[in-house]
Each structure stands twice: as structure tokens, then as C-alpha cells.
Amino acid sequence: MGINTIRIEVPSSPQAFAYRQELEDAGLKWGQDFRWKYNPSQSNWDYENNVSAWVEFTFTDAKLATYYRMKWQ
């Protein structure tokens, strides 16, 4: 994960899409200003090694990455 990348644990996919929508509402363009990916939670049968869902954003501008990192985390 680079300096321009933010990873946030989310309870579900709608929350991941809400973060992305917030960026688009601010006028940022997917593929131009940022890239994103959502990783759904993974549950193992033993319930000890479950992986939480997360969303990851990579910004082209370090200033945007810093701003949203401070805002969201």
C-alpha cells in the first residue's frame, strides 16, 4: 500500500459505495483522480481467522489522500 492509498474497514458493501459516492459528489473522477476496490468479508468455518470487509482508495494526488485519510480515519 502506497502513501496515496487509504484502506478502511467497512461493515458492508453499501458503506464502501457511500465512500466512493462521497468522492464523486466532491467532483472527483474515478480512474482519473482515484481508483478503488472493495474486498468483501471472508468467513472461515473456524471463526478464528475471519477477515473483515474493506475498501481501498488510491489517489493520484497526495494532498487528496491526506485530506480523506484525516477525514475518514
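Predicted model: local features only at pLDDT ≥ 70, side-chain atom pairs only at ≥ 80, totals over all residues.
Colleague: How do you know what kind of pair the rings of Tyr67 and Tyr68 make?

Modeller: Rings of Phe, Tyr and Trp (its six-membered ring) pair if their centres lie within 6.5 Å; planes under 30 degrees apart count as stacked, over 60 as edge-to-face and the rest as tilted. For Tyr67 and Tyr68 the centres are 4.8 Å apart and the planes stand at 85 degrees, so this pair is edge-to-face.

Colleague: How many aromatic pairs does the structure hold?

Modeller: There are 10 aromatic pairs. In one of them, the centres of the Trp36 and Phe57 rings are 6.2 Å apart with planes at 20 degrees, so that pair is stacked. The two residues sit 21 places apart, Trp36 in strand E2 and Phe57 in strand E3, and so the pair links distant parts of the chain. (Strands, E, at least two residues, and helices, H or I, at least four, are DSSP runs numbered from the N terminus.)

Colleague: Why do Trp36 and Phe57 count as buried?

Modeller: Trp36 has 18% relative accessibility and Phe57 has 0%, so each value passes the test of under 20%.

Colleague: What makes up the largest nonpolar core?

Modeller: A nonpolar core is a set of buried Ala, Val, Leu, Ile, Met, Phe, Trp, Tyr and Cys residues joined through side-chain atoms within 4.5 Å. The largest has 16 residues, and Leu23, Val55, Phe57 and Phe59 have the most contacts inside it. At least two residues of this core come from each of E1, H1, E2, E3 and H2.

Colleague: On to helix H1. How do you know that its span agrees with its number of residues?

Modeller: The expected span is 1.5 Å times one less than the number of residues. For the 13 residues of H1 (residues 13–25) that gives 18 Å, and the end C-alpha atoms are 18 Å apart, so the two agree.

Colleague: Which residues of H1 are buried?

Modeller: They are Ala16, Tyr19 and Leu23. Seen down the axis of H1, they fall within an arc of 60 degrees, so they line one face of the helix; the arc is taken from the directions of the C-beta atoms from the helix axis. Pro14 and Asp25 are exposed on the face turned away from that buried side.

Colleague: Last one: why is Leu64 called partly exposed?

Modeller: Leu64, in helix H2 (residues 62–72), has a relative accessible area of 21%, so it falls between the cut-offs for buried and exposed. Leaving aside neighbours within four places in sequence, Leu64 is in contact with Leu28 and Phe59, contact meaning heavy atoms within 4.5 Å.

Notes
Residues numbered from 1 in each chain as written. Heavy atoms only, no water. Buried < 20%, exposed > 50% of the residue type's maximum accessible area, 1.4 Å probe, protein only.
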